[in-house]
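Here are a few notes to read alongside the model.

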Amino acid sequence: MTDGAQYTIRPPSITVEEVPAIVEKHYGFTPTSVRKLDGYDDCNFLLKCDGENLSRHGYVFKVINSEDSANPNLIDGFIKAMLHCADRGIVCPVPHKNVYGDYLWLESLDNPDAEDGHTSSNHLIFMLEYIPGTPLGNLNTPISENLAFEVGVNLLAIDDAFRDGFQHDGILKRKFRWDLAEALMVREHLNIHQDDTNKNIMKSILDAFEEEVVPRYPNLPSGFIHGDFNDFNIIVEVDQQGVQHYHGIIDFADISYSRYIFELGTSLMYLMMYTDDPISIGGHVIAGYCKDHPLNDDEWVALPITVAVRYAMSLTYGAVANSRDPDNLYLLSTQDKGWTSLKKFWAKPRSEIIESWKSIVKSYGTVAGN
């Protein structure tokens with residue numbers, strides 16, 4: 001998540017053993033089991049529970065880092081966005097009220113690792129219904145064309161849900177590093193890459209973005225977007241025949257008001273890492289998205305550069321964050337597959353990529369552009 005002081009943020013200092021008492025105090029039940037989940041800047045715990053009026057799938061208990069906790073209007077935006085989307089049929093985490101009838105609560109936690117001398121820090125906490133299924137990134141088989149198409153269809157569905165009346169000033173005013181509109185901030189951190197070849201690839205991508213995408217901003221439609229339709233936020237179900245199907249989306253912490261093409265480019269990048277034919281899989285995602293929403297000419301030009309920029313952001317910010325928290329291997333989840341996939345993708349002429357994508361879109365009987 002992280003707005004503001006980008007690399008001074010540390011996740012909250014809270015252990016699995018501390019969670020049950022906090023949950024019982026603020027939510028009125030004691031979980032039967034607690035497991036810590038992966039995360040970037042916040043702490044997430046999977047809770048299992050028994051009892052009437054409780055989710056049979058369990059809950060995710062979220063403890064927000066202290067910096068973002070100082071901006072409750074932003075976190076309220078995440079809550080409101082999930083409620084808005086769930087009301088419109090999007091399968092996503094549904095916020096669960098605490099015993100006070102609220103969704104958010106500010107909790108003081110011991111902070112033995114604090115660098116500023118304080119012994120405690122304040123953290124917003126909230127709880128979400130757990131979405132069962134398998135994160136796409138944990139699938140043991142290659143991504144199917146059908147799943148890629150379904151991801152595109154459902155990516156458009158969440159954009160459409162936001163278009164249907166969602167408003168929140170905390171999100172509207174948000175500026176943060178994971179929004180592709182702020183991609184040029186990556187230049188400040190390129191020295192994290194020790195290999196000169198890799199560093200030069202990053203520079204060429206950012207130059208292309210500045211020269212070919214930024215001038216097109218007036219023609220790139222904008223709205224509220226999820227912002228992180230990635231491999232570990234997309235939840236998948238596999239049926240008895242082994243067919244992969246999209247099920248739902250989690251983690252609304254990167255929601256922003258930005259260009260819709262950035263939403264599509266972000267999702268493409270993460271799915272393209274899981275195949276030996278990234279251009280083709282990308283085309284099937286686009287086909288699903290374009291089924292009811294053709295892209296304009298400027299969006300087509302921007303799309304492959306947008307994909308490459310998201311690679312640059314993920315590879316750079318992941319490496320920087322890992323340099324501060326080397327034990328958190330989740331921060332490096334993109335590195336190995338990401339570099340291999342990016343180099344293959346960026347070496348291909350962008351005009352060829354666009355033509356390949358348009359051909360796949362047209363194979364579905366869908367109009368590629370308007």
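Contact here means heavy atoms within 4.5 Å, and helices (H or I, at least four residues) and strands (E, at least two) are DSSP runs numbered from the N terminus. This is a predicted model, in which local features need pLDDT of at least 70 and side-chain atom pairs count only at pLDDT 80 or more, while totals for chains, interfaces and linings use all residues. Residues are numbered from 1 along each chain as its sequence is written, and side-chain values use heavy atoms, with hydrogens and water left out.

1. Helix 6. What covers the buried residues of helix 6 includes helix 7 (260–272), helix 9 (297–324), helix 10 (335–346) and helix 11 (350–363). Buried means under 20% relative accessible area, exposed over 50%, and partly exposed in between (1.4 Å probe, protein chains only). Among the buried residues of helix 6 are Ile201, Met202, Ile205, Leu206 and Phe209. An α-helix has 3.6 residues a turn, so residues three or four places apart point the same way.

2. The start of that helix. Asp195 caps the N-terminal end of helix 6, with a side-chain oxygen 2.8 Å from the backbone nitrogen of Thr197.

3. Strand 6. Seven of the ten residues of strand 6 (residues 120–129) are buried, so this strand is largely enclosed by the rest of the structure. Two strands pair if DSSP finds at least two bridges between them. Strand 3 (residues 59–63) runs antiparallel to strand 6, joined by five bridges, and Val60 has Leu128 as its bridge partner. Strand 5 (residues 105–110) also pairs with strand 6 in the antiparallel sense, over six bridges, with Ser108 partnered by Asn122. Two bridges link strand 4 (residues 95–96) to strand 6, again antiparallel; here His96 stands opposite Met127.

4. Three strands in the order 7-9-10 form an open sheet with antiparallel pairing. Its edge strands, each pairing on one side only, are strand 7 (134–135) and strand 10 (244–249). Strand 7 is joined to strand 9 (residues 234–238) by two bridges, and Pro135 stands opposite Ile235.

5. Cysteines. How many disulfides does the structure hold? There are zero, a disulfide being a pair of cysteine sulfur atoms within 2.5 Å. The sulfur of Cys49 is too far for a bond because the closest cysteine sulfur, in Cys92, is 19 Å away. Cys92 is in no disulfide either, and its nearest cysteine sulfur, that of Cys85, is 5.5 Å away. Cys49 is buried, with a relative accessible area of 11%, and Cys92 is buried too, at 4%.

Methods:
Polar contact = N/O pair within 3.5 Å; in protein donor to acceptor, adjacent residues only side chain to side chain.
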